[in-house]
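Please keep the sequence and the structure at hand while reading.

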Amino acid sequence: MPAYEGNVMGAAVVDDNDGALPTLNMPQILLAGLQAPLPLLFAITLPFGLVLALLGHPLIGLASCLGNMAGDWFVQGCYRRWSRTAAIEDDTFNLRRIYWIVAARAAAACWAPVAAALLGGSPADLVFLGLMACLLLCVSVAQGSLSPRLFLMSAAPVLAGLAVVIAVRFPPLIATALLLATLMLGGMLLMMSGGVLRILGEWTAVRDRNNRLIERLRAERAEAEEAREAARRAGQAKANFLATMSHEIRTPMNGVLGMAQLLKRSNMDGEQRAQVETLIHSGEFLMSILNDILDISKIDAGKMEVEALPQDLTAFADELIGLWRPTAQQKGLTLDLNLSPDLPARVLMDGRRVRQVLFNLIGNAVKFTPEGGVALSISAEHEHLRFTVRDSGIGIDPAVLPHLFERFSQADESVARQFGGAGLGLAISRQLTEVMGGRLWAESELGQGAAFHILLPLRIAEPESEGCAQAAELDAGPTEALSILAVDDNAVNLMVLEQVLGALGHQVTRAVSGPEALALAAERAFDLVLMDIQMPGMSGIEAIARLRGQPGPNRATPAVAVSADVLSHDKDGYLALGFSGQVSKPIQVQALVAEIAAVMAPCAAQTAFAVNA
């Protein structure tokens, strides 16, 4: 009987089954309640044998002791053997043999005092018989708590022995009265045992309800586990889908924007230049929507990282306003910048993320302002840096403000139809602000314009030294001509890289696969390797691992990961895989030049040191 030991009412229940109590059949319950330690039973038997000897019946006392001890040994052995098989054997058969062995054991217990009363008949013998009958009937009542039938089988031999002695030792009239009293005693004891049985029945009902509840909770837990696993699989499928879509969208956009940027550098008239700029602006707008979706996935996955670097607030704000001023001027709007006099010159913040949030807020302000103007204000408040974008536009219904920062939310459907937008920008902006430890909220009324406030932790950076400023200017300038191995399975991407880098004076060697790149790298030395990540057959990660692991002229050559998948690895992840840097597709010429300069800077320093030495 696993998880169940001892007396049925005082059972020790081991909770190895989520709290479910065992479901036992009647034979199991009876056998568990009837078992008792043999030493205790022997200790109870011996004194009664001694009493019989003292009352003048030594042979009956000796026979009683030996018979009861032998009976206890046999009966308890049967109980233990039957307990091991009670769960699988027929209940009716088990109950029948239990009842009869209980009756036999009761008869063996009461024969000695009955015999002493019949043979001796002294008042002492009768009193001893009465005491033994009381004791045995108490045992019957206890057993009757398990089953009324068990009480009858246990009490019947005792009551029968009393009836025989009464009939033999007393006159008929007195015997009749005593037999009636004995019958009343048996009925009363049966009622008592039935009351205990009802308590046991109630306990059984509670146990059954508990077990049904446990089963229901198990089923619900299994459903929850299945739902959690389904959510995990869905999340993984979503991540895989976004990574694939990121690659599939960014790869052709790399060709579109790359060629557009090259075309912009060529000789064109004013109208053609405006058309190319429109093409570039539209492509960048499409990429901003894609980046918003990817940022949501990063935040949901807990992979969004904040990189706090020293930032010149004045230059930062001027650049941001400069990006939107032409658009504002086309709409006849003013675009003002207000910097607080007590604003620190340099602060520590994630400039890219803050620029992304403010770019979105200023863009919305310009979009939703038909006349008047937009202003960006930056101030320092105690331990916080405050950005406020205020406009004189159409305003927002206060009832909409609580839902304004929800994903895919617009002020109303008419706004979505009139002004467009995916409804992601504000949700992303608030989440990015919270990731940076700040807060974003809005204040507005219909027709009264709107104000969006950003509050970020203020951390002041050390002033930039003159030497660092000069070094930054040098890094931003053109690098010397390099021999570059460009690896990409997409011919358009290779053409973009070749023309962009060729325009900067670099010599480009093309490879369309990882094995071809390894073969070229084994033949000649290159100054830099630009490696696409997702390629059929051999990925860029596998190719760079083999390049680093085999001897050759390019084992230590700097390598830049060129990836359209911005979810699987960040820059630190690519550095850990053996790359020296990383740029994302679509490739921005300025970002590519800056990354090449950063990657080649250590090599230039080593060359200069070797020359000076």
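Arg-233 is partly exposed, with a relative accessible area of 45%, where buried means under 20% relative accessible area, exposed over 50% and partly exposed in between, computed with a 1.4 Å probe on protein chains only. The model is a predicted one, in which local features need pLDDT of at least 70 and side-chain atom pairs count only at pLDDT 80 or more, while totals for chains, interfaces and linings use all residues. Residues are numbered from 1 along each chain as its sequence is written, and side-chain values use heavy atoms, with hydrogens and water left out.

**Overall make-up**

- The secondary structure of the protein chain comes to 18 helices and 14 strands, taken as DSSP runs numbered from the N terminus, with helices being H or I of at least four residues and strands being E of at least two.
- Of the 613 residues of the protein chain, 42% count as buried.
- Among contacts between residues at least 6 apart in sequence, 70% join residues at least 24 apart, a contact being heavy atoms within 4.5 Å.

**Salt bridges**

- The count comes to ten salt bridges, each defined as a side-chain nitrogen of Lys or Arg within 4 Å of a carboxyl oxygen of Asp or Glu.
- Side chains of opposite charge can pair when their charged atoms come close.
- Glu-229, which is partly exposed at a relative accessible area of 31%, forms a salt bridge with Arg-233, the closest N and O atoms being 3.6 Å apart.
- Because Glu-229 and Arg-233 are four residues apart in helix H7, about one helical turn separates them.
- Glu-229 also meets Arg-232 in a salt bridge, at 2.7 Å from N to O, and these two residues both lie in helix H7 (residues 172-265), three residues apart, or about one turn of the helix.
- Since Arg-105 lies in helix H4 and Asp-72 in helix H3, the pair ties together parts that are 33 residues apart in sequence.
- Both partners are buried, Arg-105 with a relative accessible area of 16% and Asp-72 with one of 7%.

**Helix pairs**

- The axes of helix H3 (residues 58-85) and helix H4 (residues 91-119) come within 10 Å and cross at roughly 170 degrees, where axes are lines fitted to C-alpha atoms, for helices over the stretch in contact, and angles run from 0 to 180 degrees between N-to-C directions.
- That crossing makes H3 roughly antiparallel to H4, on a scale in which angles under 35 degrees count as roughly parallel, over 145 as roughly antiparallel, 65 to 115 as roughly perpendicular and the rest as oblique.
- The residues that make this contact include Asp-72, Phe-74 and Trp-82 of H3 and Arg-105, Trp-111 and Leu-119 of H4.
- By class, the contact of H3 with H4 has 17 nonpolar, four polar and three charged residues, with Ala, Val, Leu, Ile, Met, Phe, Trp, Tyr, Cys and Pro counted as nonpolar, Asp, Glu, Lys and Arg as charged, and the others, Gly among them, as polar.
- Helix H5 (residues 123-144) and helix H6 (residues 148-169) have axes that come within 8 Å and cross at roughly 170 degrees, so that H5 is roughly antiparallel to H6.
- Among the residues making the contact of H5 with H6 are Leu-129 and Leu-136 of H5 and Phe-151 and Val-158 of H6, and the residues of this contact divide into 14 nonpolar, four polar and no charged.

**Two buried positions**

- Asn-360 is found in helix H10 (residues 351-367) and counts as buried at 17% relative accessibility.
- Leaving aside neighbours within four places in sequence, Asn-360 is in contact with Gly-425, Leu-426 and Ser-429.
- Met-531 has its place in strand S12 (residues 528-532) and is buried, with a relative accessible area of 3%.
- Met-531 and Asp-488 are 43 residues apart in sequence and 6.7 Å apart in space, C-alpha to C-alpha.
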